[in-house]
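Trainee: I have a protein model to look at, and I'd like to go through it with you. Can we take it piece by piece?

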Amino acid sequence: NDSKCKNTIVKEEVLIEQLVNLMDTIKLDEIAMKEKIKEEVQRIKRFQSSLLGKKDETETTDIDIRNYAKYILRGGKTEEKRELLNCLRSTVCLEKKILSLR
């Protein structure tokens, strides 16, 4: 805890919901996001095939990148959230506990 910092604490859950709400307007590195989604879809297909004996016909082009990003923000692991944040091309600013784009 930095006693010299004048900013107040913001809960992670609050920041995540604000990011989710901004996700439709945030500029993303879509190439990096598509690669991440493609890897995830392939992992799920392998899982379904090996464990359940199912073949999945889902194509990565059928998946909405922004909805996938919202899913990761709400339920992903910390490392997945970091990867996602590395794909942001917009500048996200925090001022008075409110996230905005610049």
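Trainee: Which element gives the most to the lining of the largest pocket?

Mentor: First, some ground rules: this is a predicted model, so local features need pLDDT of at least 70, side-chain atom pairs count only at pLDDT 80 or more, and totals for chains, interfaces and linings use all residues. Residues are numbered from 1 along each chain as its sequence is written, and side-chain values use heavy atoms, with hydrogens and water left out. A pocket is an open set of points on a 1 Å grid over the protein atoms alone, where a 1.4 Å probe fits, with protein on both sides within 12 Å along at least five of seven lines; lining residues have an atom within 4 Å of a point. Here, with five residues, the top contributor to the lining is α2.

Trainee: How much space lies in the largest pocket?

Mentor: Volume here is the space filled by probe spheres set on the points, which are joined across faces, edges and corners. For the largest pocket, that comes to about 240 Å³.

Trainee: Which residues are the closest to its centre?

Mentor: Two or more lining residues come from each of α2, α3 and α4 (78-86); helices are DSSP runs of H or I with at least four residues, strands are runs of E with at least two, and both are numbered from the N terminus. Of the 14 lining residues, the closest to the centre are E40, R43, Y71, I72 and E80.

Trainee: How far apart in space are L19 and V92?

Mentor: In sequence, L19 and V92 are 73 residues apart. In space, from C-alpha to C-alpha, the distance is 8.8 Å.

Trainee: How many disulfides does the structure hold?

Mentor: A disulfide is a pair of cysteine sulfur atoms within 2.5 Å. C87 is buried at 10% relative accessible area, and C93 is buried at 14%. The closest cysteine sulfur to that of C87 is in C93, and at 19 Å it is too far for a bond. The number of disulfides is therefore zero, given that 19 Å gap from C87.

Trainee: Last one: is K96 buried or exposed?

Mentor: K96 lies in the loop between β1 and β2. Phi of K96 is near 55 degrees, a positive value in a residue other than glycine. With a relative accessible area of 76%, K96 is exposed.

Key: Buried < 20%, exposed > 50% of the residue type's maximum accessible area, 1.4 Å probe, protein only.
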